[in-house]
Amino acid sequence: MSLGTLASGATGAPTASSEPWEAARRGDVDTLARLLGKGACDVNWRNPRTNMSSALHAACERGNEMCVQMLLGHADRPDVDQGDEHGRTPLHVACAAAQPKCLRLILTMAHPTIDQPDDVGKTALHAACEAAGVTTDEC
């Protein structure tokens, strides 16, 4: 699963809504802290160019645990049960991308719905099994 490219406006420049998403994807902690500190960004904004993924999805896929921690610790905490266009939550993404530190942060800081299925009925456990090369029948 790849989250794709940066959302941009007509000029190709990042839009205000995409800036936190892009910072989280890049692991740019300083920029993300500045944007979150302004309080003018929507931490649940979903990028239409990347399967409607949120900044938390992007940080989890790339293993940017400092960004995950920053997003989860922010006053406007992201919705950890928010799915992308395929119903995959940040927990699904962390499992599928084999990012145990991000997974641990989500589980301990946000208490997500761990058995929430995606659009094809797979849970985060299924994603973890598939990432480890284990058939879902064995999970």
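Modeller: One term first: two residues are in contact when heavy atoms lie within 4.5 Å of each other. By that rule, V29, L32, A33 and L36 in helix 2 meet M66, C67, M70 and L71 in helix 4. Keep in mind that this is a predicted model.

Colleague: What classes do the residues of the contact of helix 2 with helix 4 divide into?

Modeller: Eight are nonpolar, none is polar and none is charged. Val, Leu, Ala, Met and Cys are among the types that count as nonpolar.

Colleague: Why are helix 2 and helix 4 called roughly parallel to each other?

Modeller: Two packed helices are described by the angle between their axes and the distance between the axes. Helix 2 spans 29–38, and helix 4 covers residues 65–73. Their angle is about 10 degrees, and their axes are 10 Å apart. Angles under 35 degrees count as roughly parallel. Helix 2 and helix 4 are therefore roughly parallel.

Colleague: What makes helix 1 roughly antiparallel to helix 2?

Modeller: Helix 1 and helix 2 pack at an angle of about 150 degrees, with axes 8 Å apart. The cut-off for roughly antiparallel is over 145. That makes helix 1 roughly antiparallel to helix 2. The crossing is left-handed. E19, P20, A23, A24 and R26 of helix 1 make the contact with T31, L32 and L35 of helix 2. By class, five are nonpolar, one is polar and two are charged.

Colleague: How do you know that helix 1 is roughly parallel to helix 3?

Modeller: Helix 1 is residues 18–26 and helix 3 is residues 55–62. Their axes come within 7 Å and cross at roughly 10 degrees. Under 35 degrees counts as roughly parallel, so helix 1 gets that label against helix 3. This crossing is right-handed. P20, W21, A24 and R25 of helix 1 touch A55, A58, A59 and R62 of helix 3. Those residues divide into six nonpolar, no polar and two charged.

Colleague: Why does T50 count as buried?

Modeller: The relative accessible area of T50 is 1%. Buried means under 20%, so T50 is buried. T50 is found in the loop between helix 2 and helix 3.

Colleague: What makes the pair T50 and S53 a polar contact?

Modeller: Their side chains come to 2.7 Å. A polar contact is a pair of N or O atoms within 3.5 Å, one able to donate a hydrogen and the other to accept it. The pair of T50 and S53 is listed as such a contact.

Colleague: Why does N51 count as partly exposed?

Modeller: N51 has 21% relative accessibility. Buried needs under 20%, and exposed needs over 50%. N51 therefore falls in between, as partly exposed. N51 also lies in the loop between helix 2 and helix 3. Its phi is positive, about 60 degrees, although N51 is not a glycine.

Colleague: How do you know that A98 is exposed?

Modeller: A98 has a relative accessible area of 51%. Exposed means over 50%, so A98 is exposed. A98 sits in the loop between helix 5 and helix 6. Its phi is near 55 degrees, a positive value in a residue other than glycine.

Colleague: What makes A75 count as exposed?

Modeller: The relative accessibility of A75 is 76%. Over 50% means exposed, so A75 takes that label. Its place is the loop between helix 4 and helix 5. A75 and L36 are 39 residues apart in sequence, and their C-alpha atoms are 9.1 Å apart.

Colleague: Which residues of helix 7 are buried?

Modeller: They are A124, A127 and C129, within residues 124–131. The buried residues of helix 7 pack against helix 5, 90–96. Just after helix 7, G133 takes a positive phi of about 80 degrees.

Note on methods:
Residues numbered from 1 in each chain as written. Predicted model: local features only at pLDDT ≥ 70, side-chain atom pairs only at ≥ 80, totals over all residues. Heavy atoms only, no water. Axes fitted to C-alpha atoms, helices over the stretch in contact; angles between N-to-C directions. Helix = DSSP H or I, 4+ residues; strand = E, 2+ residues; numbered from the N terminus. Parallel < 35°, antiparallel > 145°, perpendicular 65-115°, else oblique. Left-handed = near helix turned anticlockwise from the far one by under 90°. Buried < 20%, exposed > 50% of the residue type's maximum accessible area, 1.4 Å probe, protein only.
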